[in-house]
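Hi,

As promised, here is the structure for you to open and look around in. My notes follow just below it.

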Amino acid sequence: MPIMNGVVLPGDSTVRHVEVDIPEPGHGQVLLRMKASSICGSDIRAIYREHLGQGPEAYQGVIAGHEPCGQVIAVGPGCRRLSEGDRVVVYHIAGCGVCDECRHGYMIGCTSPYRAAHGWQRDGGHADYLLADEVTCIPLPEPLTYVDGALVSCGFGTAYEGLLRLTLSGQDRLLITGLGPVGLAAAMLGRAMGAGPIIGTDIAPERLRIARDLGLVDHAVPADESAGAAIAELTDGHGCEASIDCSGSGAARVQALQNTRTWGRCAFVGEGGQITFAVSELLIHKQISLHGSWVTSLRHMADLLERLVRWNLHPERVVTHRFRLDQADEAYRIADGGTAGKVCIVFD
Ligand SMILES: [Zn+2]
Ligand SMILES: [Zn+2]
């Protein structure tokens with residue numbers, strides 16, 4: 001049986017290199033040669049430092065990496081669309097296929113015991129090859145790159161879904177709290193959807209600088225006590241019509257609500273943590289619609305790929321660090337630092 005290299009995460013802020021058999025595609029499955037496999041904040045929060053996850057976030061010791069993109073090199077029996085040589089993005093959750101959430105493409109929300117996410121409960125992208133179900137593969141259109149595709153498979157998909165939930169348009173100023181990779185994605189996509197000016201906040205000066213240097217935000221505001229006054233000044237005292245929290249920090253979420261305009265919309269996509277806030281003052285009396293949004297749907301991921309081509313956007317612009325698989329240790333250390341843009345493992 002031929003062998004491949006892979007990476008697992010023991011949960012003590014280390015990575016472990018393993019050699020495993022190259023899998024063979026079963027019915028309805030394809031084997032992908034991995035081309036790019038990026039690191040998501042959830043990998044750090046719930047797996048790398050410590051195995052914190054429960055339920056859908058329980059890590060079961062599999063090959064890590066839930067942002068995979070690659071090329072089909074073998075097709076199992078019963079496949080209906082893909083063939084060898086196809087470039088694909090992997091929607092990283094395989095659901096049961098028959099529940100309500102699966103049927104409208106949100107396999108992320110499937111609660112069946114058959115549900116398994118790459119990099120969590122089934123092998124992920126940090127290996128030379130990945131076994132994927134054909135139904136979770138989305139063709140990667142030219143001229144998008146494999147790194148572009150990897151970024152769409154969780155982070156950009158998540159940002160896009162949050163912005164769709166806000167029905168973002170050219171009528172909106174957009175506030176983004178948290179300028180990690182998902183915040184940078186929200187800025188890039190928010191601009192393409194017509195919003196502006198775009199205001200981003202973060203506690204890390206490095207991340208403010210990345211957002212500013214890439215031209216993704218119009219204003220990069222330090223997330224300190226003066227942020228509210230700074231945002232008010234930039235928005236004629238109103239706050240932004242739309243806001244999205246990409247940080248997962250309670251303080252940043254409150255800041256997002258505080259600086260959302262009356263009748264505005266706010267979405268939370270940053271995971272984890274807790275929040276306490278004055279409900280009447282910040283939500284009810286301001287008539288704010290608050291949305292929780294978790295990853296995206298298969299259809300919206302396909303839509304996003306199509307739009308990125310039309311918008312002439314490359315998500316890989318937010319990648320600040322690229323490593324080979326044998327450098328995964330360093331890749332995770334950088335991603336854990338909280339000051340980088342996107343970190344991606346690349347192959348070839
Ligand atoms: Zn993710
Ligand atoms: Zn399901």
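Please keep in mind that this is a predicted model. I began with the cysteines, and the structure holds zero disulfides. Take C79 as an example: its sulfur is 8.5 Å from the closest cysteine sulfur, which belongs to C137, and that is too far for a bond, since a disulfide needs the two sulfur atoms within 2.5 Å.

Several other cysteines turn up around zinc, so let me go through the two ions in turn.

The zinc ion (ligand 1) is coordinated by C40 through SG, H66 through NE2 and C154 through SG, at 2.0 to 2.3 Å. Along the chain, these donors follow the spacing C-x25-H-x87-C. C40 sits in the loop between strand 3 (29-38) and helix 1 (41-48), while C154 belongs to helix 3 (residues 146-165), so the pair ties together parts that are 114 residues apart in sequence. Both C40 and C154 are buried.

The zinc ion (ligand 2) has C96, C99, C102 and C110 as its protein donors, each through SG, and they lie 2.3 to 2.4 Å from the ion. Here the spacing along the chain reads C-x2-C-x2-C-x7-C. What is the arrangement of the four donor atoms around the zinc ion (ligand 2)? They subtend angles of 103 to 116°, which makes it tetrahedral; the criterion is that all angles lie between 85 and 135 degrees.

Is V8 buried or exposed? At 7% relative accessibility, V8 counts as buried. Leaving aside residues up to four places away in sequence, V8 touches V15, R16 and V18, and also Y59, G61, V62 and I63. For a sense of distance, the C-alpha atoms of V8 and D202 are separated by 30 Å, and these two residues are 194 residues apart along the chain.

If you have a moment, do start with the two zinc ions, ligand 1 with its C40, H66 and C154 donors and ligand 2 with its four cysteines. I would be glad to hear your thoughts.

Best wishes

Notes
Residues numbered from 1 in each chain as written. Chains lettered and ligands numbered in written order. Predicted model: local features only at pLDDT ≥ 70, side-chain atom pairs only at ≥ 80, totals over all residues. Heavy atoms only, no water. Donors = N, O, S within 2.8 Å, 3.2 Å for Na, K, Ca; no water. Helix = DSSP H or I, 4+ residues; strand = E, 2+ residues; numbered from the N terminus. Buried < 20%, exposed > 50% of the residue type's maximum accessible area, 1.4 Å probe, protein only. Contact = heavy atoms within 4.5 Å. Tetrahedral: all angles 85-135°; square planar, octahedral: opposite > 155°, others 65-115°.
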